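Subject: Structure handover

Hello,

Here is the structure for you to look over. My notes follow below it.

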Amino acid sequence: MRTRTLTLSAAVGAALLAVAALPANASGTAAPRSAQEGSVSAAALLAKVTSCSQISNGKYRTDEETSATIPVCGKNGAVFWKADLDIDCDGQVTAKCNADTDPWFQDDTAFHQSDGRALRADSLPYVVVPSSSGIWKYASSGIKGGGVVAVVYNGKVEYAVVGDTGPTQIIGEASYATANALGIDPDPETGGADTGVTYILFKNSQVSPIESHSAAVSLGDSLARQFLANN
């Protein structure tokens, strides 16, 4: 798990390339490339999170040097926040995620695959939640490792799992694979998105095995439809 997050390059903001749709791989070994996953549109999800009923005791920063402006918000069956997206490349060492490509690389994640190994950031879409603190304790809101997250950006929906924990005062981070699937530059040192990312975490959900992206998409689509119906 990370103890610090990177500051996004000021150069980020160039036009994003659309990603081609390919089938999800249940093994979690192939990077997902889908522009839209499931049957629920980005617009439909965003329409349900236009206002915030704050459940966190305070607010989070998006980076170490920014002020605390991001609350965790509650809805029926979910919590959400709107933030940036910093790139988490932690977990298994791969050609794309290692100490050479990522100055903050760590070879472990808070939650592990069914075989006990760390998650693989360059192929598995996962989201980082802030470590428990006086601001917010994710477990108290029904959020757990392997829980399903709908990540919404630029008209796209990507389903991910809760895969890692981060600093207690910073929010807005997801794996290399999550960024890549959303058309965000996944470079762990210079990539990411400065703003415009919505994270909807479904309460009391859990993908099994955690590394199955296809399972996350299937469960996520079902929970997203329930979310629309209940909010």
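Start at tryptophan 81. Leaving out residues up to four places away in sequence, Trp81 touches Ile70, Pro71, Val72, Val128, Val129, Trp136, Ile171, Gly172, Val197, Thr198, Tyr199 and Leu201. Contact means heavy atoms within 4.5 Å.

Some ground rules. This is a predicted model, in which local features need pLDDT of at least 70 and side-chain atom pairs count only at pLDDT 80 or more, while totals for chains, interfaces and linings use all residues. Residues are numbered from 1 along each chain as its sequence is written, and side-chain values use heavy atoms, with hydrogens and water left out.

**Fold**

The protein chain has three helices and seven strands. Both are DSSP runs numbered from the N terminus: helices are H or I with at least four residues, strands are E with at least two. Along the sequence the pattern reads α-β-β-β-β-β-β-α-β-α. Of the contacts with a separation of 6 or more, 76% are between residues 24 or more positions apart.

**Core**

Of the 231 residues in the protein chain, 55% are buried. Buried means under 20% relative accessible area, exposed over 50%, and partly exposed in between (1.4 Å probe, protein chains only). In soluble globular proteins, nonpolar side chains tend to be buried together. Here the largest nonpolar core holds 60 residues, and Trp81, Leu85, Tyr199 and Phe202 touch the most other members. Helix 1, strand 2, strand 3, strand 4, strand 5, helix 2 (176-181), strand 7 and helix 3 each give two or more residues to this core. Strand 2 gives the most, with seven. Such a core is a set of buried Ala, Val, Leu, Ile, Met, Phe, Trp, Tyr and Cys residues joined through side-chain atoms within 4.5 Å.

**Helix 3**

The 18 residues of helix 3 should span 26 Å at 1.5 Å a residue, and the end C-alpha atoms are 25 Å apart, which agrees. The expected span is 1.5 Å times one less than the number of residues. Buried in helix 3 are His213, Ala216, Val217, Gly220, Asp221, Leu223, Ala224 and Phe227. An α-helix has 3.6 residues a turn, so residues three or four places apart point the same way. The cover over the buried residues of helix 3 includes helix 1 (42-46), strand 1 (73-75), strand 2 (78-88), strand 4, strand 5 and strand 7.

**Cavity**

There is one cavity of 30 Å³ or more. The largest cavity has about 50 Å³ of space. Ten residues line it, and Val128, Ile170, Ile171, Gly172 and Glu173 are the closest to its centre. The search used a 1 Å grid over the protein atoms alone; a cavity is a set of points where a 1.4 Å probe fits but cannot get out, and lining residues have an atom within 4 Å of a point. Points are joined across faces, edges and corners, and the volume is the space filled by probe spheres set on them. Strand 3 (residues 126-130) gives the most to the lining, with three residues.

**Backbone checks**

- Serine 208 and proline 209 are joined by a cis peptide bond, with omega about -5 degrees. Proline 209 is in the loop between strand 7 (193-202) and helix 3 (213-230).
- Asparagine 154 is not a glycine, yet its phi is positive, about 55 degrees. Asparagine 154 sits in the loop between strand 4 (148-153) and strand 5 (156-166), and is exposed at 52% relative accessible area.
- Asparagine 204 also has a positive phi, near 55 degrees. Asparagine 204 is exposed at 60%.

Best wishes

Notes: On a 1 Å grid over the protein atoms alone, a cavity is a set of points where a 1.4 Å probe fits but cannot get out, and a pocket is an open set with protein on both sides within 12 Å along at least five of seven lines; lining residues have an atom within 4 Å of a point.
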